[in-house]
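The points move from the overall form of one chain to selected elements of both.

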Amino acid sequence: MTSTLFFNLCGAGYFLGLFLYLANLAIKKASLRRTATLLVAVSFLTQIAGLVVRWHEAGLVELQAAERATGLTLEGAQRFVVYTRHPPWSNLYEMMVYMAWGVVFVFLVSEVKFRIRFAGIFALALALVSLGLASLTTDAAIKPLVPALQSWWIMIHVVSSAVGYAAGTLGAVLSLLFLVKAKERVSLSSVAAGTLVVSMALFLLLGRGAHLFTTGAYRVKLMSDMGGDLNPAGRFVGNNFHPYYVPSPGVGLVMIATLVIAAVAVALLLRARKDDVPQGLARYAYFAAFGATTATIGLILLNAFTQMDVQVPPEVAAEMVVPGPWRLAVESAQWDLALFGIAWGGQLFLLLALLFPDKLRSLMADSARLDRAAYYSILVAFALVAVVLVTGALWAHYAWGRYWGWDPKETGALVIWITYAIYLHARVTYGWVGVPSAIIGVVGFFIIIAGFLGVNLGYFADGLHSYGAG
Amino acid sequence: MTTHTADVALDPEGVDFGAAPTSPVARFYAASWQLFISLRVTVVTLIVITAACFVGMFFDQTRTYDEHVAQWATTPWKLQLFTFFEMYDVFASWWFGLFVVILLVNVIACSVERLPKIWLDVWHPKPQLSDEQLRGIRHVWRGRIAEGDRAKAEGLIATVLGARAKTTTEGDRRFTFAEKQRWGRFGVYVVHTGLVMILVGGIINGKTKMDGLMMITEGTAMRLVRLRGPGNLPYVVDLGFSVRCDDFRLKTFTTGDVMEYESDLSVLDSRAPVNPVVTKKIEVNDPLEYSGYTFYQASYAPVSGDQLVQLDVGPRGGQRRTHSLAIGDKLTLDDGTTFVPVEVIEEFAGLGAAVRVQETSPTPAGPRTTSYVVFRSYPDFDREVRRGKFDVQFRGFDQQYATGIQVGRVPWVPFIFAGFVVLFVGMAMAFLMSHRRYWARLVPVGDGKLELVIAGAARRHQYAFADEFARLRTTVAAAFGEGERKADRARALREQRRIAKLGDNPKP
């Protein structure tokens with residue numbers, strides 16, 4: 001498909017842009033930065049072109065399907081409605097591409113308005129993670145839209161969710177930058193401890209909590225390898241596909257070790273929270289925790305490329321809907337890897353901050369500007385998530401007969417909105433400006449992940465928004 | 001509460017709590033009120049609601065109590081905990097309801113507490129800039145000018161403060177005051193009003209709404225709705241009238257995926273003089289409404305039972321209509337001709353599936369019955385070969401379906417949707433508007449000199465306002481120079497304090 005070519009081009013552009021922004025940290029030339037921003041802007045336009053092309057492609061698919069089903073040749077307004085009703089954000093692949101679009105869009109706006117160094121690095125890295133996840137998704141093909149999505153509400157509902165969540169993500173990035181920069185308010189030791197706590201929470205969540213400790217195993221999806229064509233292995237229970245999970249060898253134990261090391265590091269860092277930059281044991285404990293996180297991710301990836309032939313018990317093999325040979329692959333744990341990768345990125349940033357605190361801080365905008373940019377990002381996110389909730393309610397009322405049904409994804413969006421409501425109230429009325437609001441801002445990102453991807457990650461029941469699973 | 005230097009001076013007198021309440025009851029009331037207007041309660045409530053949302057996302061709320069118990073409540077204490085917190089139905093649980101009500105009371109109490117102050121400040125501003133007020137204002141131009149420049153200064157004030165500025169004089173002291181977008185101050189309260197409307201509507205709906213399902217087989221009528229009660233256990237309710245499904249149509253893509261589906265519904269009400277009262281074709285985004293209930297096309301299910309045969313029948317060479325008939329069912333046309341599919345022949349002499357049809361037509365000599373075969377693969381066979389009075393085509397087999405109708409009655413929906421509108425209007429007011437005030441003061445200070453003070457303050461978008469005032473200052477500086485250095489020094493001090501406090505922190 002032509003649209004995929006556009007998306008690949010824009011992914012390459014974002015990658016190069018990320019590289020240029022990184023180079024800009026060492027070579028502080030305004031021209032370099034301008035070039036990087038220009039490149040990102042051009043890639044962004046390429047992505048828009050890709051989305052338009054995909055809309056056209058989807059339109060042709062819709063027309064063909066509708067004409068085949070009805071046996072009629074559509075014309076005029078009817079043809080236009082069918083042709084345009086399938087916007088390029090209706091399945092998981094498209095959503096991940098579209099989220100990348102949202103993040104870069106919000107970043108470009110912030111670049112014009114605030115010019116925050118580092119924001120580009122984080123935004124592009126996250127956009128690339130999103131595009132990477134999209135390329136690993138199995139259902140990139142355009143299928144005719146299911147009846148529930150054939151509504152004009154999908155346009156405004158999904159557009160505001162992508163831009164709103166992207167604005168929240170940028171707000172989280174800026175809040176993290178603020179926490180690192182605001183030396184006079186919070187020590188790097190505390191921020192490093194906080195980063196490790198968030199990573200630990202992720203490890204526990206993705207390691208299925210207590211199961212990690214009781215079974216000592218970290219389980220990933222088993223993939224069926226049919227001549228290079230990877231599909232999740234599993235069985236059907238009624239109409240529902242249940243993927244089959246196997247322990248990724250050794251990862252469980254490394255994760256437990258990482259959690260223990262991180263817990264020790266957090267304790268030591270908190271004891272040294274009075275020092276801006278932790279020295280001695282606390283410092284080395286952080287390095288060790290970072291190393292252990294790296295080892296976990298490395299081992300998951302290593303298994304993905306080396307576990308080419310996984311044996312399953314015969315009674316399980318008999319039920320499996322796709323044939324062997326079975327193996328592990330990156331797709332076995334793509335969402336987990338993305339989240340671990342994000343946590344790792346945060347840890348790496350803190351590692352650099354611990355190693356070169358003054359250099360890194362001197363490169364950042366002053367803390368007041370970071371705080372202000374984060375505040376405006378989250379204000380935009382708050383307003384747009386309100387749009388998402390309200391348009392969702394209206395759509396649900398007309399399509400399903402109830403405006404609110406506590407469906408997991410609805411609830412997720414509500415939680416994000418409440419989080420930002422807390423942020424705004426804490427800030428505006430409590431006067432929790434600075435560190436406390438920045439912490440809420442960072443936490444907001446993880447709530448977005450939980451709310452937006454919770455269903456797809458399989459932690460929450462898949463309610464009515466399950467079209468995007470895959 | 002933030003004590004923003006710029007805002008303190010703008011606010012009218014602080015709240016006068018009066019003498020401390022003496023009696024225990026009064027003290028209790030005062031303490032409760034203080035609790036309910038505290039933002040700590042708001043934040044704690046919001047955190048509890050967030051936690052509830054996560055619990056509700058984690059425990060699939062569409063399953064029944066028994067299913068949950070089987071999965072989660074593996075030990076007695078877990079069962080007790082699970083049942084006590086009603087985790088199978090979190091959003092209808094006592095504790096969730098409690099916190100929603102607390103939130104509601106808190107939002108109302110905070111507004112009742114704060115609104116009168118803001119109201120006074122917005123509608124009864126003090127147009128005369130006092131020295132005390134001036135101390136708290138960040139953006140100030142202050143300088144001395146010659147008495148002879150009075151007219152020039154008044155002209156300048158009129159230019160920079162705009163035509164709508166109000167001027168008052170006290171003796172030879174001249175005060176001018178102007179403001180913009182004062183409605184922006186009420187944005188937060190409008191947002192809260194919208195939120196209260198949504199919450200109140202939601203609570204009432206939660207108690208009175210109906211959200212059930214009817215599976216109506218094609219051709220039959222139904223008056224009972226199946227609902228999910230506490231613990232997701234099913235029960236039925238009588239509507240008081242019947243809904244009949246006249247036809248259900250399912251369109252699929254060639255891949256077999258569903259494209260769309262629709263039902264023809266009729267409402268049969270014994271209280272109505274004419275039946276059916278209403279007939280409507282409903283589809284996924286287009287429901288039927290009757291007597292306060294809304295009937296949405298939600299799902300469908302195939303019904304097991306006799307296979308139906310679809311016959312297209314019409315006058316020779318004319319428009320044919322599709323009829324679904326069971327074997328032995330009689331189709332009667334307007335002129336009295338009847339058609340009965342007698343048998344299905346899976347394979348007829350190498351020509352594929354076929355149906356034997358018995359046609360009886362009235363003739364002057366009495367009814368005449370014929371019997372013939374029509375083929376699925378050869379739609380024009382009957383017209384071209386048999387050449388009878390009517391064309392009959394065997395279209396295929398018809399799977400009988402039951403249409404899944406979601407029955408909803410949410411009486412307060414218009415109220416809630418009005419709440420959405422109010423919410424957005426409020427958000428636009430709160431986020432886009434910024435109440436800005438400008439003062440000018442012209443006071444003689446002796447020695448033939450006048451002191452000119454021009455000051456400005458904004459509630460929101462402090463940085464944008466700083467730019468705006470900088471432009472204003474340039475205009476003033478062009479006429480009267482840079483002004484007093486003392487003011488500059490004070491401003492620099494305030495700027496430092498502001499950076500330390502991280503400025504952009506408007507109060508509601």
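What percentage of the 470 residues of chain A count as buried?

1. The model under review is predicted. In chain A, 53% of the 470 residues count as buried.

2. Chain A contains 16 helices and seven strands. Its radius of gyration is 23 Å, close to the 23 Å that the globule rule gives for 470 residues, so chain A is as compact as a globular protein of that length. Along the principal axes, the C-alpha atoms of chain A fill a box of roughly 75 × 55 × 45 Å. Where contacts in chain A link residues at least 6 apart in sequence, 79% of them join residues at least 24 apart.

3. Helix H4 of chain A covers residues 92–113. Its 22 residues should span 32 Å at 1.5 Å a residue, and the end C-alpha atoms are 31 Å apart, which agrees. Of these 22 residues, 17 are buried, so H4(A) is largely enclosed by the rest of the structure.

4. After H7(A) comes A:Arg208, with a positive phi near 60 degrees.

5. Turning to chain B, the assignment divides the chain into four parts: domain 1 (37–120), domain 2 (126–181 + 434–501), domain 3 (210–305 + 401–409) and domain 4 (308–397). The centres of domain 1 and domain 2 of chain B, taken over C-alpha atoms, are separated by 51 Å.

6. How do strands S15 and S16 of chain B run, parallel or antiparallel? Strand S15 (residues 354–361) and strand S16 (residues 368–375) of chain B run antiparallel and are joined by eight bridges. Within this pairing, B:Glu359 stands opposite B:Thr370 in S16(B). The two strands form a hairpin with six residues between them. In the turn, B:Gly366 has a positive phi of about 100 degrees.

Terms used:
Residues numbered from 1 in each chain as written. Chains lettered and ligands numbered in written order. Predicted model: local features only at pLDDT ≥ 70, side-chain atom pairs only at ≥ 80, totals over all residues. Helix = DSSP H or I, 4+ residues; strand = E, 2+ residues; numbered from the N terminus. Rg over C-alpha atoms; globule rule 2.2 N^0.38 Å. Buried ≥ 20, exposed ≤ 12 C-beta atoms within 10 Å, placed from the backbone. Contact = placed C-beta atoms within 7 Å. Domains from an automatic or database assignment. Expected span 1.5 Å × (residues − 1). Pairing = 2+ DSSP bridges.
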